[in-house]
Amino acid sequence: MSKDYATQPRTDIRFKPRIVEEGAWIKALLHRAGFGVVATSHEGQPFATNNLFVYDEPAHAIYMHTAQVGRLRANVETDERVCFTVAEMGRLLPHQQPVEFDVEYKSVVIFGHGHMIEDREEKRRALQLLLDKYAPHLKVGVDYDEMPDYDLKRTSVYAIQIEEWTGKQNEAPSDFPGAFPYHKD
Amino acid sequence: MPKDYAALAPNEVRRSDRAVDDEAWIRAMLHRAPVGALATINEGQPFINTNLFVYDEAEHVIYTHTARFGRTRSNVEAENRACFSISEMGRLLPAPEALEFSVEYSGVAVFGPVEIVEDAAESTRALQLILDKYAPHLKPGTDYRPPVEEELKRTAVYKLHIESWSGKRKVADPDFPGAYLFHDVVTLYTDQYS
C-alpha cells in the first residue's frame, strides 16, 4: 500500500537505503557544489531558479546574489517557504532488465525560509563568502576592490535559513559491470 | 519602477539581454542535459528533485521515470502545475570590482502540467526514449531485454506537457581576462573544511 505523502514530514525519503544521515557529508556536498536550484511558489505555480550560492556553516544559511527585482523576490515576499537542492551525477549503471537501469548520484535537499538581507554589513559578509567560495585564488584588496557602501545598496542578497535537510546517495562498486559516464556533445 | 512579477507570465525573463529566443537552441539543450530539476508544490510548500529525463520533441513533452509512489506523485495529484529546470555552468568571470564578478551559464526553464502516464504502451515507449538517450551505445534485444509492459507496473512515468519555456544564456569572449572554471579552484575553497 502506498503512503499518503501529503501527510508525511516533508523530509521523508521513500527509498531508505539511499538516505545519508551524516551532517558532514551533507555539508561537504554543499561546499563543493557549483550551483543550486531553488524552488519557490506563487499561487500554486512552482518556479525553479538556478544560482551560484554559498553555504554559511555558522549561520546555517544559504546565500545567493540575485537581482534587486525579479521572480524570486516577488515569490518569497508572498510565501517565504522554499526548497533548495544540489546534485551530482555519477556513472550510469546498465542492467539486463530495462527498468533496473540505474544511475549514481549524490544530492541534498533543503527546506527553509527565504528572505532578502537588508542589513548592509550582513550583506557585505555574505557577498564576501560568495567571493571566497568562487574565487578562492583571488584576494580582496589585491585582485579586486572592496565593496563600497554605495554598491552594496544597489545589490541584493537572498538568504535561505535552513530548517531541515536530507541527503541521498546511490553509489555502485567501482567495478560495476558496464558502468559508464554520461557524455553528449 | 519594478515590474509586478505576480502579474507576468511564468516564463518572463527579467534580463531580456540574456534571454534566448532561438527554439532550436532550447531544444538542443533539453536533448543534451544530463539531469533536470522538477519543482512541484504541496499546499504552498515547494519541493524539488533532480531526475534523469528525456525531451520528446514529437510530443513536446518531458518524460521522467521514477518511483511508482512518492512525493512527486502525491504532489502532482493535488496540483499538477510544475516547473522543470536545466542548466549548465560555464566559466567564472572575475572583475576589478567585487560586485562585477559574473559567470557564464546556459539555462532552460519549462512550465506545464504533469501527468502520470497510465497507458502501458506509452510508458514503454517513454522508457525506451530514456534508454536511447542515456545508453545510446546499448541496443534493446542485444545488450538488454526490451522493456515489457508488465514490469512498468512497478515504476511510474511522469509526463510534463510543455506549455511554455524560456532560455537564458551568458557567454563571454573566449579570451576573457582571468576566466576560469570553478572545478579548477574548488579544492582551494573546500580544503578549509576537510
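Let me start inside. The largest nonpolar core has 49 residues, and the members that touch the most others are L30(A), F53(A), I62(A), F84(A) and Y158(A). Keep in mind that this is a predicted model.

Take Y158(A). Setting aside neighbours within four places in sequence, its contacts include V38(A), T40(A), I62(A), Y63(A) and M64(A). Also among them are L72(A), V76(A), V82(A), G114(A), H115(A) and M116(A).

As a general point, nonpolar side chains in soluble globular proteins tend to be buried together.

How far can we trust chain A? Its mean pLDDT is 91, and 96% of its residues reach 70 or more. Confidence in chain A is lowest in strand β1, residues 19–20, with a mean of 84. It is highest in strand β4, residues 54–56, at 98.

Now to chain B and its strands. Start with β7(B), residues 102–116. How many of its 15 residues are buried? Twelve of them, so the strand is mostly covered, buried meaning under 20% relative accessible area.

β7(B) has several partners. Strand β6 of chain B, residues 81–93, pairs with β7(B) in the antiparallel sense, over eleven bridges. In that region, M89(B) stands opposite Y105(B) of β7(B). Next comes strand β9 of chain B, residues 164–170. Seven bridges join β9(B) to β7(B), again antiparallel. V110(B) stands opposite W165(B) in β9(B). Then there is strand β8 of chain B, residues 155–161, which pairs with β7(B) over three bridges, also antiparallel. Here E115(B) has K159(B) in β8(B) as its bridge partner.

Another strand to look at is β3(B), residues 45–51. Five of its seven residues are buried, so β3(B) is largely enclosed by the rest of the structure. Strand β2 of chain B, residues 36–42, runs antiparallel to β3(B), and seven bridges join them. One bridge pairs G36(B) with N51(B) in β3(B). The two strands form a hairpin with two residues between them. In that turn, E43(B) has a positive phi of about 50°.

On to the interface. 75 residues of chain A are in contact with 75 residues of chain B. Together the two chains bury about 6,000 Å² between them, with 67% of it on carbon and sulfur atoms. Which three residues of chain A supply more of its buried area than any other three? R71(A), P98(A) and V99(A), with 11% of the area that chain A buries against chain B.

Charges next. How many salt bridges cross the interface of chain A and chain B? One. It joins R154(A) and E100(B), whose closest N and O atoms are 3.9 Å apart. R154(A) sits in the loop between α4 and β8 of chain A, and E100(B) in the loop between β6 and β7 of chain B. Both ends are partly exposed: R154(A) at 41% relative accessibility, E100(B) at 42%.

Over all chains, the count comes to 26 salt bridges. Let me pick two within chain A.

In one, E57(A) pairs with K27(A), the closest N and O atoms being 4.0 Å apart. This pair links distant parts of the chain, 30 residues apart. E57(A) is in the loop between β4 and β5, and K27(A) is in helix α1, residues 23–32. E57(A) is partly exposed, at 29% relative accessible area. K27(A) is partly exposed too, at 28%.

In the other, R124(A) meets E121(A), with closest N and O atoms 3.0 Å apart. These two are three residues apart in helix α3, residues 120–134, so about one helical turn separates them. E121(A) is partly exposed, with a relative accessible area of 41%. The pair also belongs to a network of salt bridges that links R120(A), E121(A), R124(A) and D149(A).

Look for β7(B), mostly covered. And look for R154(A) with E100(B), the salt bridge between the chains.

Notes:
Residues are numbered from 1 along each chain as its sequence is written. Chains are lettered from A and ligands numbered from 1 in the order in which they are written. This is a predicted model: local features need pLDDT of at least 70, side-chain atom pairs count only at pLDDT 80 or more; totals for chains, interfaces and linings use all residues. Side-chain values use heavy atoms; hydrogens and water are left out. A nonpolar core is a set of buried Ala, Val, Leu, Ile, Met, Phe, Trp, Tyr and Cys residues joined through side-chain atoms within 4.5 Å. Buried means under 20% relative accessible area, exposed over 50%, partly exposed in between (1.4 Å probe, protein chains only). Contact means heavy atoms within 4.5 Å. Helices (H or I, at least four residues) and strands (E, at least two) are DSSP runs, numbered from the N terminus. Two strands pair if DSSP finds at least two bridges between them. pLDDT is the predictor's confidence in each residue, from 0 to 100. Buried area is the accessible area (1.4 Å probe) that two parts lose on being put together, summed over both. A salt bridge is a side-chain nitrogen of Lys or Arg within 4 Å of a carboxyl oxygen of Asp or Glu.
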